[in-house]
Amino acid sequence: MLKLKQLAPWALLSIAATIAACGGSGGGGYSPPAGGGGGGGVGGVGADMIGMDLPTTTIGVENDPTWGTVGGYTQSVRSQVIAFAPGTMITIKNLSSSTPHTLNVIGTAGAPPANFPSNPSLSTSASGGSVFGIGYATGSISPGASVSVTLSNPGTYLVGCAYHYSSNQMRDVVEVASGATPGPQATAPPGGGGGGGY
C-alpha cells in the first residue's frame, strides 16, 4: 500500500506534464503563423486570386522597382504588383473583416513607372461584366466576400479602390501577359492589424 501512495504524486505529475505538452486546457497547443503560410496568405489568398485590404493597416505598401508605389492588393500575403497569364479566371476577395473594397480598372499603363491619375472617377457599382479590362469594376465587395472575372485581354492595367484610392493610396498594377510574374511583396506596415476602418 505504501508503494501506491508514493506513486500517486509521480502519476499526477506525469499527467500534468502530458496535458501541458498538448496545449493546456482544451483546444490544443498549435498556433498557425501570423499572416498564413505556404500559399494560404492573409485571409486565404491562393492561386488565381487577388486579395485586397487597406495597405495602411494590413498588407502594406510596396515601392516596386519597376512600377513604383502600389498597395492594397496581393497575390500572396503583402501588397505587390499583380501578374497573371491571359485567359486566367481569377477570384477577387476582400480580406478585410470590417471594411468594403472595390477593384476598379482605371486605365492602362504604357511604360513604367505607373502614372496613376490624381482624382479618377471610381464607382462603387459593378460594371464590365465578367471580363477584366477598361471600365471593369467589381462593385462594392463586403468583408470576406469575393467575385470572379476572366483576364481575357492582355495588357498592363492600373486599378484602385473606389473607397480608399485617395485616402489610403489603395492602387496597384495588374499585368496580364504570358510569363508575367508578381512583383516583390511589401513589408508589414507598422503595427499591422486587421481590417481597419475607412
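Mentor: Start with what the words mean: helices are DSSP runs of H or I with at least four residues, strands are runs of E with at least two, and both are numbered from the N terminus. Keep in mind that this is a predicted model.

Trainee: OK. How many helices and strands does the protein chain have?

Mentor: There are 2 helices and 10 strands. Read from the N terminus, the elements go α-β-α-β-β-β-β-β-β-β-β-β.

Trainee: What share of the residues is buried?

Mentor: 39% of the 198 residues count as buried. As for the surface, the accessible area of the protein chain is about 9700 Å², and carbon and sulfur atoms hold 57% of that.

Trainee: Now the sheets. What is the strand order in the open sheet of 4 strands?

Mentor: The order is S4-S1-S6-S8, and the pairing is mixed. At the edges are strand S4 (73–74) and strand S8 (146–150), each of which pairs on one side only.

Trainee: What holds paired strands together, in general?

Mentor: Strands of a sheet pair through backbone hydrogen bonds, in a parallel or an antiparallel way.

Trainee: And S1 with S6, parallel or antiparallel?

Mentor: Parallel, over 4 bridges, with S1 covering residues 49–52.

Trainee: Which way does S9 run against strand S7?

Mentor: S7 (residues 104–108) and S9 run antiparallel and are joined by 4 bridges. Val105 is opposite Val159 of S9. S9 also pairs with S10, again in the antiparallel sense, over 6 bridges. In that pairing Leu158 faces Val173 of S10.

Trainee: Next, the nonpolar core. Which residues have the most contacts inside the largest one?

Mentor: Ile50, Tyr73, Ile92, Leu103 and Phe132, in a core of 20 residues. S1, S5, S6, strand S9 (155–160) and strand S10 (171–176) each supply at least two residues of this core. Another core lies apart from it, with 10 residues that include Val81, Ala114, Phe116 and Leu158.

Trainee: What does Ile92 touch, leaving out residues up to four places away in sequence?

Mentor: Its contacts include Ile50, Met52, Leu103, Tyr136 and Val149.

Trainee: Let's do a loop. Where does Pro86 lie?

Mentor: Pro86 is in the loop between strand S5 (82–84) and strand S6 (89–94). Its relative accessibility is 31%, so Pro86 counts as partly exposed.

Trainee: And which residues does Pro86 touch, beyond four places away in sequence?

Mentor: Leu151, Pro154, Val176, Ala177 and Ser178. Glu175 is 89 residues from Pro86 along the chain, yet their C-alpha atoms are separated by 9.3 Å.

Trainee: One more loop residue: where is Ser130 found?

Mentor: Ser130 is in the loop between S7 and S8. At 48% relative accessibility Ser130 is partly exposed, and Ser130 touches Val149 and Thr150, with residues up to four places away not counted. From Ser130 to Met89 the C-alpha distance is 9.3 Å, although they are 41 residues apart in sequence.

Trainee: Back to the whole chain. What part of the contacts with a separation of 6 or more comes from residues 24 or more positions apart?

Mentor: That part is 70%.

Note on methods
Residues numbered from 1 in each chain as written. Predicted model: local features only at pLDDT ≥ 70, side-chain atom pairs only at ≥ 80, totals over all residues. Heavy atoms only, no water. Buried < 20%, exposed > 50% of the residue type's maximum accessible area, 1.4 Å probe, protein only. Contact = heavy atoms within 4.5 Å. Pairing = 2+ DSSP bridges. Core = buried A, V, L, I, M, F, W, Y, C linked by side-chain atoms within 4.5 Å. Areas by Shrake-Rupley, 256 points an atom, 1.4 Å probe, with all protein chains shown as cover.
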